[in-house]
Amino acid sequence: MLFSWSYFLEAFPKVLKGLPTTLGLTVIAAVFSLLLGTVLALLNYYKVPVAVQILKVWSSFIRGTPNVTQIFFFYYGLARISTLVLNMSPVVATGVVMSLSMSAFMAESIRGALMSVDEGQREAALSLGMTNFQLTTRIVIPQAVRVALPTLFNDMINLFKMSSLAFTIGIRDVMGNARIESAASFRFFETYAIVMIIYWIFSLLMGMVQKRLEEKSNAIYSSSTVTKDNKGLLNKKLQKEKN
Amino acid sequence: MVDVKNLSKTFDGTTEVLKEINLHVDKHDVVAILGPSGTGKSTLLRCLNYLCEPTTGVIRVGDVTVDAQNHTKQQVRDLRKQSAMVFQGYNLFKNKTALGNVMEALITVQGKGREEAEDIAIAQLKKVGMLDRKDFYPAKMSGGQQQRVAIARALAVNPNVLLFDEPTSALDPELVGEVLNTIRQLAEEQTSTMILVTHEIHFARNVANRIIFMEGGYIAADGTPQEIIDDPENPRLRQFLNLVGK
Ligand SMILES: Nc1ncnc2c1ncn2[C@@H]1O[C@H](COP(=O)(O)OP(=O)(O)OP(=O)(O)O)[C@@H](O)[C@H]1O
Ligand SMILES: [Mg+2]
């Protein structure tokens, strides 16, 4: 038979064993790329002189080179000149490359989101005597988060998929396990079907979370919800006025 | 209440938009600034709270004085606390409700507690007739409603001077009235000093006790509404009034 269900079911758990590695890489890279991306974006937003140029070059470099070459260049290339990289485990190296790579995309998303908060609101805050810090933390960032959320979530789905490159330097993630299994059994069709299904399901799940988050954050700004304690306070005040 | 000495503003080192402006505004004065487009009305107003940094000159608002050529960030912030501005585009904080908008500076700038800030905010929203919309976000309010909330936000900080920069010119015609009425009511109370840039000549005539006509970066005429609008001497002023159809 062309497609063996029994092999499919037998291999599924073996391939799935790589999932914690795949997800671990994704989560860690998401955290670090978000942090680095935020710093880069803020430096850019406040027009810190050198940072603006650095982000530009960094961004074009990352976007203009394939992820596989980035991993090879880092793990095999830089190992020649840096003992730090030489002593790195493949997992850490992949995590570092994924973080660095995605940070460029996230920085752009975040920068765009920060810019989307109009000058008028900034002027209003400053005219009232608010500090730049208050303006940034209380007005700009809350609005920017909402704008950036969908793009950042896409970036995370991309990270998840990018993690499949880890197999190229010998990591036993989902993809790595599939390579090993299929090399032994020659059942490529079944094995890679398993891989596709696993990635697809998780991308779908992340997409669903993304949608929920988006709906939630949209609802916050555009509806006229009366929060419980606000209502309580108002009632108390109306009461006071009556007395 | 406001003292401006030798105020000049040059953009990009070449275009001189304000030319040695001198201006004194008394407490409780309601001053309307009129003039053709591009003559520096907004720039003058924005210099009063340093949203626009003057090139030279000394500005005093309330009891804070700032010299364009020698000042600190702290002085600028102190100056800003003396006044509050109502903008043409409302400029409400989009991530805050009407109530949140009015409370914001009370908490962050004046360091008031939430309860007290909310008391003040509710009183101000009531004053502008927006209490029933207090939990609405700006996206869910009409332009006129947003502008009235913006006025409440400005009033809440209890400023020495209220600055209005064409507060109705972004509004649909049918919404202008509600905002003008709110401002008129404030002017009639005679509790705050107000400086407003407007193109509404009739409104200025009725509400202000002093009118300034700006032209090419200068104050070209300055006097009572009668002197400026009913009986203009300056030929440019007369031309302007004819043009806008007094
Ligand atoms: N940030 C800026 N950079 C350069 N030039 C500016 C800037 N802001 C204003 N100007 C110029 O300064 C001049 C005065 O502008 P201002 O906005 O003060 O005019 P205005 O009297 O308020 O006009 P309007 O009635 O159209 O609002 C204009 O010629 C304008 O082009
Ligand atoms: Mg203007």
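**Helix pairs and a ligand site**

Colleague: Which residues of α5(B) do B:Ala98, B:Asn101, B:Val102 and B:Leu106 in α3(B) meet?
Modeller: Helices are DSSP runs (H or I, at least four residues) numbered from the N terminus, and contact means heavy atoms within 4.5 Å. On that basis, the four α3(B) residues meet B:Val149, B:Ala152, B:Arg153 and B:Ala156.

Colleague: Happy to follow that! What kind of model is this?
Modeller: Residues are numbered from 1 along each chain as its sequence is written, while chains are lettered from A and ligands numbered from 1 in the order in which they are written. Side-chain values use heavy atoms, leaving out hydrogens and water; local features need pLDDT of at least 70, side-chain atom pairs count only at pLDDT 80 or more, totals for chains, interfaces and linings use all residues, and the model is predicted.

Colleague: How is α3(B) oriented relative to α5(B), roughly parallel or roughly antiparallel?
Modeller: The axes of α3(B) (residues 98–108) and α5(B) (residues 143–156) come within 8 Å and cross at roughly 25°. Axes are lines fitted to C-alpha atoms over the stretch in contact, with angles from 0 to 180 degrees between N-to-C directions. Angles under 35 degrees count as roughly parallel, over 145 as roughly antiparallel, 65 to 115 as roughly perpendicular and the rest as oblique. The crossing angle therefore makes the two helices roughly parallel.

Colleague: How many charged residues are in the contact of α3(B) with α5(B)?
Modeller: Ala, Val, Leu, Ile, Met, Phe, Trp, Tyr, Cys and Pro count as nonpolar, Asp, Glu, Lys and Arg as charged, and the others, Gly among them, as polar. The contact has 6 nonpolar residues and 1 polar, and the number of charged ones is 1.

Colleague: Over to chain A: is the crossing of α2(A) and α8(A) left-handed or right-handed?
Modeller: The axes of α2(A) (residues 19–45) and α8(A) (residues 132–162) come within 11 Å and cross at roughly 140°, so α2(A) is oblique to α8(A). A crossing is left-handed if the near helix is turned anticlockwise from the far one by less than a right angle, and right-handed if clockwise. Here the crossing is right-handed.

Colleague: Which residues of α3(A) make the contact with α2(A)?
Modeller: The axes of α2(A) and α3(A) (residues 49–63) come within 8 Å and cross at roughly 130°. From α2(A) come A:Leu40, A:Leu43 and A:Asn44, and from α3(A) come A:Ala51, A:Val52, A:Leu55 and A:Trp58.

Colleague: Finally, how far is an oxygen atom of ligand 1 from an N or O atom in the side chain of B:Thr43?
Modeller: A polar side-chain atom of B:Lys41 lies 2.7 Å from an oxygen atom of ligand 1. For an N or O atom in the side chain of B:Thr43, the distance to a ligand oxygen is 2.5 Å.

Terms used: A polar contact is a pair of N or O atoms within 3.5 Å; within protein, one must be able to donate a hydrogen and the other to accept it, and residues adjacent in sequence count only if both atoms are side-chain atoms.
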